[in-house]
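Visitor: I would like to learn how to read a structure of this kind, step by step. Could you take me through it?

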Amino acid sequence: MLNAAAPALEFDHTLRSVVLGTGAIGAVSGALGSFAYLRRQSLVGDVVAHSSLLGIVGAFLLGYLLTGTGSRSLWVLVPGAVAAGVAALLLSRAVTSRTRLSEDAGLGVMLALFFGGGVLLLRWAQRHQPVIPGHTGLDAYLFGSAAALTTTDLWMISSVGLAALFVMLLLWRRLEVYTFDPLFAHSLGIPVRRLEAVLRVLLVTGVVVGIHAVGVVLMIALLATPASAARQWTRHLGTMVALSSLFGAVSAALGTVISARYAHLPAGPVIVLVATAVFLVSLACAPRRGLLSRMRRRVRSVEVAGA
Amino acid sequence: MHGALDRSTRLATAPALGVRGLSVAYHDRPVLWNVQLELYRGSLMAVVGPNGAGKSTLLRAVLGMVPVLAGDIAVFGGTLAEQRRRVAYVPQRSGIDWDFPTTVFEVVRMGTYGRLGWLRRPGAAERERALAALEMVDMVEFAGQQIGALSAGQQQRVLLARAFAQDAELYLMDEPFVGVDAPTEAALVRLLQELRDRGRTLLVVHHDLATVPEYFDSVALLYRRVVACGPVEAAFTEPNIAATYGARRVGGGTC
Amino acid sequence: MSLELWTLAIATATALACALCGVLLVVRREALVAEGLSHAVLPGIVVGFVLLQERNAPLLIGAAALAGLLMVLAVQLLRRTGIVDPDASLGIVFSALFSVGILVASQRLRNTHFHAHCIIDGDLALAALDDVSVGGTVIGPRAFYILLAVLAVLGTFLALMWKELQMMLFDPGLARSFGLRPGLLHAAWLGLVSLTAVAAFDTAGSILVVALMIAPAAAAYLLARSLFQMVWIACGIGAASAAAGFGLGMGLDMTPSAPMASSAGLAFLVVFLLAPREGVVARLRVRRAQRAELRRQLLLHGVGSAGCAESELAGALRWSAAQCRQEIDRAVASGHVECVGERVCVTLAGQAHGRAYLARMLGGSAGRAPDPVAS
């Protein structure tokens with residue numbers, strides 16, 4: 001990806017659709033990322049993202065073995081990614097709940113198994129003789145390559161994301177109560193096991209959608225950074241999710257535009273840095289929680305004490 | 001015909017909570033064994049016992065949150081599923097993320113969600129009930145506050161208000177006085193006693209043995225099994241306390 | 001020594017250094033700090049490389065390790081504000097640093113071997129070619145000696161600070177009361193982890209570092225009975241994964257890093273399933289015995305001292321009739337209950353068995369009827 005210069009994009013129809021597409025991707029990941037943030041699962045999202053590589057390459061190779069041609073159709077790769085992500089999530093849960101190992105260690109081992117396995121398969125596919133058609137595009141999943149997405153891809157990925165957002169809105173109040181206070185939610189008769197499963201699938205979906213913009217390695221930034229920024233501005237869950245979605249969309253779209261303006265700027269890292277900038281501004285400037293407003297308060301209280 | 005009449009009288013007169021022969025296991029090791037408990041309507045009962053006695057597990061078993069190995073739990077003479085709306089639960093304050101982006105009012109309004117149905121939006125009626133519940137715990141002026149800005153005592157008041165907004169008849173509370181300052185504790189206890197006097201039933205996991213006689217009218221001493229259960233003067237005796245706490249009891253009164 | 005052997009030697013040295021780092025990270029329950037560090041050292045490495053135009057310069061390694069330590073400090077600061085979730089802080093900081101590294105690399109190192117492959121899975125073969133010579137004689141690849149030096153530093157630190165580290169891990173309060181500074185010791189340790197991440201990154205990329213730090217140590221955690229044992233087991237598993245991964249890499253004709261990471265992961269999986277005490281299979285066996293005992297006790301308790309009819313029993317215990325029959329047959333076989341006509345009764349042996357179980361499960365003196373002597 002770094003060597004192969006991204007095809008230079010003009011401000012034309014293609015760029016507009018790519019910017020809209022990555023914006024939609026950022027919006028979905030940002031919204032679903034706030035639930036991951038509030039459930040303290042940001043690093044879970046990181047590991048799920050890394051792990052999905054195994055599913056993507058595995059699905060690609062399976063398609064090749066079955067049909068004889070390599071298909072990078074998202075209808076093949078996305079289910080593979082979701083399956084691997086869910087598998088990594090469940091296996092790390094099993095490790096954490098059945099041993100004395102901490103959640104961190106359970107997740108770290110999944111990196112070895114799923115990401116290690118994913119890269120292994122990826123390199124194998126890339127070196128395979130005879131050459132598997134389409135294998136070159138798989139590299140894009142490491143650091144993302146929004147420019148390589150076709151309009152069909154964008155439609156597919158946006159509709160998956162919108163479906164996830166629809167489920168989120170449909171279950172909104174149950175998710176709110178459950179995320180805030182799982183025991184209380186249980187006592188109200190909410191089927192918490194099913195809700196937990198839904199939340200897992202939503203997390204994996206948010207990740208799988210997002211990796212198309214920033215790649216598996218940097219995915220955590222699209223999940224955690226907009227949510228952390230949004231958290232600073234508000235005291236309502238709804239506003240936080242909306243803001244996080246907005247920050248995600250703006251970061252992804254702006255990052256794509258910037259990377260298209262200059263040569264040899266891969267989109268993924270630029271998107272991440274835009275999101276980081278939004279986060280830093282929020283951290284400093286947000287009313288009440290922000291560092292500046294805290295400092296001002298502290299100065300004032302010192303003045304009052306001195307007076 | 002006869003059966004239906006039987007059932008309705010049973011529902012009208014049964015104790016608020018009847019637990020018979022309840023056994024619960026965690027990882028295939030028993031946590032509660034053959035627990036018997038009767039909680040009459042209009043009583044305020046403490047559940048006391050050392051750490052690991054299964055106090056929280058008892059509340060969760062009543063609420064159907066942990067699988068039951070054996071035994072019966074009757075809520076107002078019926079099953080929990082039939083009677084769930086008449087039961088409110090106050091979990092431990094420490095289990096909640098107080099940095100969650102929500103306000104005092106929104107938390108208390110969550111108490112109305114159980115009756116609202118999950119797709120309808122909360123409206124004016126829900127707002128009224130939430131505000132009335134805040135009024136009960138004297139927290140109306142904090143309605144718009146972010147919950148993270150509250151003191152421990154205020155947070156506990158909010159959790160109680162959420163339960164009051166459920167407008168239930170049986171309240172199950174897990175350590176509602178932990179981390180609460182003395183004046184707040186006194187005010188909350190008065191509130192619970194008031195509720196009892198208005199015919200509500202309360203089962204409260206409590207950690208301070210010294211205040212049991214002053215706060216509660218009945219008590220259950222629990223260590224995996226119920227050692228004693230009944231009016232404070234009959235059940236809360238030295239031998240019973242010693243049998244519950246064994247060698248674990250340190251110093252006088254508290255544990 | 002042949003090129004293959006040198007490659008294997010480098011891989012093994014990497015695995016050993018990583019395993020040592022992993023032990024303390026896993027025990028301190030901060031394994032994913034390794035994930036953060038392995039990403040965060042990238043900008044240091046890239047910038048150092050741009051400035052020095054050399055891969056394995058000691059200066060570069062030191063600078064990059066410092067960058068890793070800076071990340072740790074930034075995360076600490078962010079956590080201390082208390083307004084950002086700790087996990088998210090780590091993610092935000094390392095993803096931003098990693099992005100900076102990639103952008104610099106894609107701007108300045110486009111036409112070098114420093115490409116995306118190298119960032120992900122390193123270039124062990126290339127590292128093995130970069131020989132160093134002393135007094136005119138070639139003594140082997142530079143990377144090997146660098147890793148050996150890192151290994152020596154780690155080993156020395158562990159040996160010298162062993163008691164202090166143990167105290168820091170298991171009782172920071174006590175350590176402080178002895179005048180130790182657990183915070184400082186921890187920072188020094190993370191500095192060494194960062195150093196290892198840099199040295200290993202250069203030869204083997206970022207996945208290998210995380211995988212080889214966490215997977216062997218996590219597996220060792222499930223096998224070892226002491227911290228000391230854990231160190232050796234982790235090193236053994238690390239070295240074995242290095243060898244297996246190296247062989248697999250040779251067979252598949254690819255850089256051995258991804259095969260090594262997968263081998264370490266698989267080694268963990270095998271241990272997770274089969275470890276003698278903590279493995280899933282061993283635990284299932286214990287659980288099954290506990291469950292059978294629990295059912296027996298429920299049966300004894302359900303029958304009660306007066307005995308009862310079999311037909312009532314199933315309902316009271318929420319069992320199916322067939323399940324109830326099966327349990328009764330088993331209990332009859334072991335002599336705990338007996339059937340008298342339609343009725344089931346507990347035998348004397350069964351009563352003793354029930355009392356012993358309850359005394360064991362429900363704990364010592366507590367929970368028994370009041371003792372008349374004590375009152």
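Visitor: What is the mean pLDDT of chain B, and what does chain C average?

Guide: The general idea is a caution: where pLDDT is low, the predicted coordinates should not be read in detail. In chain B the mean pLDDT is 90, with 95% of the residues reaching 70 or more, although over residues 249-255 of chain B the value stays under 50, and the model has 9 contacts beyond four places in sequence for that stretch. Chain C averages 87, and 94% of its residues score at least 70. Among the elements of chain C, the highest mean pLDDT, 96, belongs to helix 12 (residues 257-274), while the lowest, 76, belongs to helix 6 (residues 116-121). Over residues 364-375 of chain C the pLDDT is below 50, and this stretch has 22 contacts in the model beyond near neighbours in sequence.

Visitor: How many residues of chain C and of chain A take part in their contact, and what area is buried between them?

Guide: The size of an interface is often given as the accessible area lost when the parts come together. Between chain C and chain A about 5400 Å² is buried, 70% of it from carbon and sulfur atoms, and the contact takes 59 residues from chain C and 59 residues from chain A. On the chain C side, C:Leu32, C:Ile83 and C:Arg110 lose the most area to chain A, together 13% of what that side buries.

Visitor: How much space lies in the largest pocket, and which element gives the most to its lining?

Guide: Rolling a probe the size of a water molecule over the atoms shows where empty space is left. Here the largest pocket holds about 1800 Å³ of space, and its lining is made of 49 residues, of which A:Arg93, A:Arg193, B:Tyr26, B:Arg60 and B:Met65 lie nearest the centre. Helix 13 of chain C gives the most to this lining, with 6 residues. By kind, the lining residues of the pocket divide into 20 nonpolar, 14 polar and 15 charged.

Visitor: What is the volume of the largest cavity, and which residues line it?

Guide: The count comes to 4 cavities of 30 Å³ or more, and the largest cavity has a volume of about 70 Å³. Its lining consists of A:Leu32, A:Phe35, A:Ala36, A:Arg39, A:Gln41, A:Leu199, A:Leu202 and A:Leu203, a set that divides into 6 nonpolar, 1 polar and 1 charged. Helix 1 and helix 9 (192-233) of chain A each supply at least two residues of it.

Visitor: Is A:Gln41 buried or exposed, and where in chain A is its place?

Guide: A:Gln41 counts as buried because its relative accessible area is 18%, under the 20% cut-off. Its place is in the loop between helix 1 (13-38) and helix 2 (42-67) of chain A. Leaving aside residues up to four places away in sequence, A:Gln41 touches A:Ala36 and A:Leu203.

Visitor: Is C:Leu129 buried or exposed?

Guide: C:Leu129 is exposed, because its relative accessible area is 54%, over the 50% cut-off. This residue is found in helix 7 (residues 124-129) of chain C. From C-alpha to C-alpha, C:Leu129 and C:Gly140 are 8.5 Å apart in space, and they are 11 residues apart in sequence.

Conventions
Residues numbered from 1 in each chain as written. Chains lettered and ligands numbered in written order. Predicted model: local features only at pLDDT ≥ 70, side-chain atom pairs only at ≥ 80, totals over all residues. Heavy atoms only, no water. Helix = DSSP H or I, 4+ residues; strand = E, 2+ residues; numbered from the N terminus. Buried < 20%, exposed > 50% of the residue type's maximum accessible area, 1.4 Å probe, protein only. Contact = heavy atoms within 4.5 Å. pLDDT = per-residue confidence, 0-100. 1 Å grid on protein atoms, 1.4 Å probe; cavity = no way out; pocket = protein on both sides within 12 Å on 5 of 7 lines; lining within 4 Å. Points joined across faces, edges and corners; volume = space filled by probe spheres on them. Nonpolar A, V, L, I, M, F, W, Y, C, P; charged D, E, K, R; others polar. Buried area = accessible area lost by both parts, 1.4 Å probe.
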